[in-house]
Amino acid sequence: MMTHDFILPDLGEGLTEAEIVSWLVSVGDTIAIDQPVVEVESAKSIVELPSPFGGVVEALFGEAGQVIHSGQVLLSVTDAATPATGSAPAPSASASASASVEPAPETVPAGPTAEPSGASGAVLVGYGTSENTRPVRRPAAARFGTRGDQPAPPRAAPAVATAVATVAGPAVPGRPSPVVSPIVRRLARENGFDASTLRGSGPNDLVLRRDVEARIHAQEMTEATARTPIPAQPPAEAQHHAPAPAPATLAPPQAAAPGAAPAAEVRAPATGDTRIPITGLRKVVAERLARSRREIPEATIWLDVDATELFTARDRLLAATGERFSVTALIARFVVAGLRRYPLLNASVDTASQEILVRGDINLGIAAQTARGLMVPVVHGAHALTTRQLRDAIAGLVAQAGDGAFSPGALAGGTFTLNNFGSLGVDGSAAIINHPEAAILGIGRMIERPWVVDHKLAVRTVVELSMVFDHRVCDGDTAAGFLTFVARCIESPVSLLADL
C-alpha cells in the first residue's frame with residue numbers, strides 16, 4: 001500500500017497559518033479525490049479544503065481549534081484496497097497499527113508529482129490540476145441552507161425539548177455536527193464547549209446559534225441549581241416548592257452534558273490579568289496597522305458639513321423609484337466621483353521602485369465591524385457601477401458582515417477606504433490608512449445642530465467628515481479639494497449632476 005500526506009497548501013495573500021474549524025471525515029473513512037475533508041479558518045476567510053488524494057483516511061493531524069501552519073501535514077491517506085465503487089470497511093485495530101508503522105520509502109511526499117491513480121481538479125497551490133473529479137459525496141446543505149434542488153428538512157422547534165436534545169450530544173455518533181457560523185463557534189468556545197459536539201436543529205444537523213444558546217441556558221440552569229442549598233424539609237413540602245422530581249431538578253454538576261465546563265473555567269476571574277493571544281484576523285490587522293503607522297507620513301483634515309439636503313434627496317429617490325438608498329451608498333457615489341476628479345488619492349506608493357502607482361480602477365473598501373473583528377471588504381470596479389448597483393454591492397457586504405464570512409478575494413485589492421464610524425456613535429476619528437492605500441475618508445454621526453443659514457440660526461443635520469491621506473502621494477491642496485468636493489455633493493446632491 002502507498003500512503004499520501006495531504007499538507008496544508010498555500011492559502012494565498014501571504015497567509016501562513018489557519019485554525020482547524022472541523023473535520024469533515026474520520027479515520028477509516030474512504031474518501032474520493034477532491035472531496036472536502038477539513039474546514040479551516042484563516043485570517044481572511046473560512047474555507048473547505050479538498051483532498052488531492054483518494055483512499056482510506058489513515059490519520060488526522062490536529063483537532064478543532066488547533067492552529068496549523070503551511071507545510072504541516074493535515075491528514076494521511078492510504079490507497080484503498082477495495083474497488084472505488086464499493087464502500088471500504090473501517091480498518092481493524094491490527095491493520096491500523098500496521099499502517100502506522102509502514103516503512104518510510106512507502107510514504108510519498110505531497111506535491112505536484114505525488115498524484116494517485118486519479119487526478120485532482122481542485123486548485124490548490126502545490127498540487128496538480130487536470131480533469132475535475134469533484135466529490136462523490138457533497139453535503140446536502142448549502143452554506144446558509146439547503147440547496148435549491150433539495151427540499152429543506154423540518155427544523156426542530158426552539159423549545160425546551162430542543163434544549164434537552166441539544167445537550168444530549170451529536171446527531172451522528174462519532175461524527176462532529178456541521179457548524180458554519182464563526183459567531184456560533186466563538187459563542188460555544190467562550191462558554192467552554194465545542195459547538196460541533198451538539199445536535200444541530202438546522203438542515204442536515206447544522207448547528208445554529210439557538211442550539212448553542214440552549215446549551216448555555218442548560219448549563220446555567222444546572223449551575224444555578226447546584227449552588228442552591230437543599231432545604232431540610234419533608235418530601236411533600238419539597239415537592240410543593242419544586243414540582244419536578246428532586247433527582248432531575250437538583251442534578252449535580254457531574255450530570256451536565258459532556259463538554260460542559262464548570263463556571264470557574266468559563267468565566268474570567270474578577271481580579272487578575274488576562275492574556276488574549278493575537279492570532280488569526282487580529283494578528284493580520286495588527287501587522288497592517290503597525291506597518292501603516294511606520295511607513296506612511298499621514299496628515300488629517302476634517303470638515304463639518306450640512307447634510308440636511310442629503311436626507312431630502314434620499315427621500316425623493318424613495319418617492320420617485322420606490323427603492324431605498326442608504327446615506328452610506330449615496331456618499332460612496334460622491335466619493336467615487338471625487339476620486340475620478342482627484343486620482344492621486346486612488347493610488348499607492350511602491351517603495352521598491354520609489355514610484356507612486358495611480359490605480360485605473362476604483363476598488364472601494366467599506367470598513368466593517370464583524371463578529372471576527374475589523375474587516376474591509378471591497379466593492380471592485382466601483383467606478384463602473386450605477387448608483388443602484390453600488391448600493392446593492394454595499395448592501396451585500398453589510399449582509400455578510402454579520403459573521404465576517406468573506407472570501408479572500410472580497411478582502412483584497414482595495415484602492416480607497418470609506419469608514420462610517422458614525423454608526424459607533426462618535427463624531428470623528430483620525431483613522432489609520434489601510435496600507436498600502438493612500439487615503440481613507442471617515443463619516444461621523446449625523447445629528448441635529450444649530451447652523452447658520454442665510455444669516456439666521458436654523459436646526460440642521462450636520463456630519464463631520466475626516467480625511468487622512470499619505471503626504472508622500474499628494475499635498476494638502478489635493479486632499480482638501482477632494483474633501484470639499486464630497487462635502488459640496490452632500491450639501492447639494494444635485495450638484496453632482498454636472499459631473500455625471
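1. Asp470 counts as buried at 1% relative accessibility, where buried means under 20% relative accessible area, exposed over 50% and partly exposed in between (1.4 Å probe, protein chains only). Asp470 is found in strand 22 (residues 456-470); strands (E, at least two residues) and helices (H or I, at least four) are DSSP runs, numbered from the N terminus. Leaving aside residues up to four places away in sequence, Asp470 touches Ile296, Pro297, Val349, Ile433 and Ala438, a contact being heavy atoms within 4.5 Å.

2. Please keep in mind that this is a predicted model, in which local features need pLDDT of at least 70, side-chain atom pairs count only at pLDDT 80 or more, and totals for chains, interfaces and linings use all residues. Residues are numbered from 1 along each chain as its sequence is written, and side-chain values use heavy atoms, with hydrogens and water left out.

3. On confidence, pLDDT (the predictor's confidence in each residue, from 0 to 100) averages 75 for the chain, and 67% of the residues score at least 70. Residues 128-171 stay under 50, with 90 contacts beyond four places in sequence. Residues 230-266 also stay under 50, with 29 such contacts.

4. There is an open sheet of four strands to look at, with antiparallel pairing and the order 5-4-2-7. Strand 5 (46-50) and strand 7 (67-69) stand at the edges with a single partner strand each, so one side of each has no neighbour in the sheet.

5. Strand 2 (residues 17-23) pairs with strand 7 in the antiparallel sense over three bridges; pairing requires that DSSP finds at least two bridges between two strands. Glu19 has Val67 of strand 7 as its bridge partner.
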